[in-house]
Every structure is written in structure tokens, then in C-alpha cells.
Amino acid sequence: MENRLPTSDKNFVESLIPQRFPFVMVQELSEYSENHIISGFEIQEDNLFIQDGQFQASGLIEHQAQSVALHTGYKYYLLGKDAPTGYIGAIKSFEAEILPEIGDQLISEVTILNEVMGVTLVDIVTKLNGNVIAKSQMKTAVK
């Protein structure tokens, strides 16, 4: 499998995360470095987190967490290893300015602040049309 970025190859992106349809909340991997990733996601009408035409805050959190999982998955892909399953360990903070709608394209930037013994502390900023709509800081843990 080729690892050129950016990529929106559905099969490749989904191979990097443990989630499967209908629970996939990332579709694009734009940038990657050891401490950074940018992911993308277009909200579809059949998404589990759609209510009254809006993508709910719980969906934003899941998209952000899967962006972290995408970072881990791509790192393991580059090492030629299978990615471990990860979990949200704690959400230190989460703020949503607006709830996006069907058809909106989310872009999330994850910054790895610290990674020790399988626990990763991250800052995540999600944008819509270049405007910040959600921010969080969370810890994830790998199995």
C-alpha cells in the first residue's frame, strides 16, 4: 500500500483505525508527523450522530478521537505493524462553538503533547470552512 499524503482512499484510511462502518468518523489523512496530524471528515445524512440535520457534540468528540487513532494507525503503518486498539481515557476539556450540518467538511488538527507508556495527551482543534468550531484536550490509551 502506498503511503503518499494527502489521501482520501477510503480503504486505506479505514485500515488505519479500529472502527468500521457505520462508526467511521474520519475519511482523509492530509498531514502527518510524529507529533501532529490533520484529518478530514464529510458529514453524511446517514451518520449515527445526526439529529435534526446537525452533527451532535458526541459525534464531534468521536471524530476527534478517531483522528487521534488515525495518527496512531499511520505511525504503526509506517513501522509495518498492525495498529493497536485505542480508547478515550479522559476528556479534560471540550468546547463546541456550533454544531455542523449534513454535507459539512470537518478538518481536525491533532497535536500530540505527551506520550508515555501507551497514554497520549492531545490538543485537538476542529474547523469548518477555516473557522474553529470545536476544541478539546483528551487522553487516549492503547490496549
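Helices (H or I, at least four residues) and strands (E, at least two) are DSSP runs, numbered from the N terminus. This is a predicted model, in which local features need pLDDT of at least 70 and side-chain atom pairs count only at pLDDT 80 or more, while totals for chains, interfaces and linings use all residues. Residues are numbered from 1 along each chain as its sequence is written, and side-chain values use heavy atoms, with hydrogens and water left out.

**The sheet.** Select the six strands of the open sheet, which run in the order β1-β2-β6-β7-β8-β5 with antiparallel pairing (two strands pair if DSSP finds at least two bridges between them). β1 (28–33) and β5 (86–96) are the edge strands with a single partner each, so one side of each has no neighbour in the sheet. From one strand to the next the twist averages 20 degrees (axes are lines fitted to C-alpha atoms, for helices over the stretch in contact, and angles run from 0 to 180 degrees between N-to-C directions).

Pick Glu28; its bridge partner in β2 is Gly40.

**The helix.** Now show α2 (residues 57–78), which lies across β1, β2, β5, β6 (105–116), β7 (119–128) and β8 (131–142) (contact means heavy atoms within 4.5 Å). Its angle to β8 is about 55 degrees.

**The cavity.** Which residues line the largest cavity? Select Val68, His71, Thr72, Lys75, Ile112, Glu115 and Thr120 (on a 1 Å grid over the protein atoms alone, a cavity is a set of points where a 1.4 Å probe fits but cannot get out, and lining residues have an atom within 4 Å of a point). α2 gives the largest share of this lining, four residues.

Methods
On a 1 Å grid over the protein atoms alone, a cavity is a set of points where a 1.4 Å probe fits but cannot get out, and a pocket is an open set with protein on both sides within 12 Å along at least five of seven lines; lining residues have an atom within 4 Å of a point.
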